[in-house]
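Please read them with the structure open.

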Amino acid sequence: MTSVHETRSGVQAWVQVHLGRPGYLMAFAGLCVGTLLYFSGSRAASSGVLAVVFGLLVALPVVNVFGILIEEVRRRDWPFVVAAIAVIGLIAYGVFDRIN
Amino acid sequence: MISSDAFALLGGAGAGFLGALVGIGGGVFLVPLLDGLLGLSFSEARGVSLIGVLGTSSSAAMAPTGRRLVNPRLAIVLLLFSVTGATLGARLLWLFSDRTYEVMFGVTTAVVAALMLSRRNIRNVLPAETTDLGMFGGRIHDDDQACEVTYRLKRLPVAAGISFLAGVLASFIGVGGGIIIVPMLNALCGIPMRVAAATSVLMIGVTAIPGVVASWHSGFLSDYHLAGVTCLGALAGFQLGLRLCPYFSVKWLKVGMAALLAAVSAQYLFFQ
């Protein structure tokens, strides 16, 4: 059995650089804007901006799981593909069950 | 108002800082701060804390891509159990009173502190030439020894059970689960501290989602401003922690964490 280090592809690094970092910077900027709006007296606008940021923060960890899923599909390592799909399914269930 | 914002910002920064150093979301320090110092109810503190945990987890995207400390295979298998636990915990939130959750919080932190102190010298690294690393093993650069080392997962069922418990507690007491996953993986399952920490940071954001949605749905996440300020602090604190991480010894990180956890535990068990 080969180790994690020897078999890792660049998918996760790509996800981190091209999705994770822009997402992080957008969240940081959104939090700054939301806080400034709050202190300037625009409470409703502040809440709206912060709600969008919180949605983004919920989405970002799921992006990492998709990154692992893509990597395992490329390697045709099906037990881990099934595990990643199951995790995404559980999160979707947890979110949509509450919303509905 | 400004002073409570400053406390939340500093608390978030401390949580993010610890997240970068030891792989926890910081909920274990945010909840007592929000609950004890800022006067939020335990349920409200739990919701705000979980937003801070999401911030800490998202900050990991800014870590250097070359260090490869995260073990994605281990993360995805353990997430299966932690997210199941978190989903179950989020559905059962109504079962207990705030005081019961406070006692759970105190007991959890006490157990983890004792475990950290008793196993503080464990490093879990094998020589670089070790070939049989199993399905979840890996090879990393050890900063303490300044050389390549390997590691191998032991007791997968224990890791799975711990992850499930961490998920339930994430939803119950507002932590990301890293505070349980990191010491247990390190002390019981053969994973080096820095690998456990990096893998945990990936896991805690996902594990926190059911609890965040449940808190929002139940109306315990109504103070968006406080949650936003706390999260802003977490994002900034994580970046500071990333830069200072190589300068901290793993052994002294464990001792410092154990002391902080013991203090938090005493607050909830004896001074509420």
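1. Helix H7 (residues 178–188) of chain B has 10 of its 11 residues buried, so it is largely enclosed by the rest of the structure. This is a predicted model. The buried residues of H7(B) are Gly178(B), Ile179(B), Ile180(B), Ile181(B), Val182(B), Pro183(B), Met184(B), Leu185(B), Asn186(B) and Ala187(B).

2. Look just past the end of H7(B). There Gly190(B) has a positive phi of about 80°.

3. Now the contact between the chains. Chain A gives 46 residues and chain B gives 45. On chain B, at least two residues each come from helix H3 (42–59), helix H4 (72–91), strand E1 (138–142), H8 and helix H9 (224–244). H4(B) supplies the largest share of that side, 11 residues. By type, the side of chain B that touches chain A has 27 nonpolar, 15 polar and 3 charged residues.

4. One helix pair across this contact deserves a check. Helix H3 (residues 43–74) of chain A packs against helix H8 (residues 193–218) of chain B at an angle of about 130°, with the axes 9 Å apart. The angle therefore makes H3(A) oblique to H8(B). The crossing of H3(A) past H8(B) is left-handed.

5. Which residues meet in this pair? From H3(A) come Val58(A), Leu60(A), Pro61(A), Val62(A), Asn64(A) and Val65(A). H8(B) answers with Leu202(B), Gly205(B), Val206(B), Ile209(B) and Val212(B). The residues of this H3(A)–H8(B) contact split into 9 nonpolar, 2 polar and no charged.

Note on methods: Residues numbered from 1 in each chain as written. Chains lettered and ligands numbered in written order. Predicted model: local features only at pLDDT ≥ 70, side-chain atom pairs only at ≥ 80, totals over all residues. Axes fitted to C-alpha atoms, helices over the stretch in contact; angles between N-to-C directions. Helix = DSSP H or I, 4+ residues; strand = E, 2+ residues; numbered from the N terminus. Parallel < 35°, antiparallel > 145°, perpendicular 65-115°, else oblique. Left-handed = near helix turned anticlockwise from the far one by under 90°. Contact = placed C-beta atoms within 7 Å. Nonpolar A, V, L, I, M, F, W, Y, C, P; charged D, E, K, R; others polar. Buried ≥ 20, exposed ≤ 12 C-beta atoms within 10 Å, placed from the backbone.
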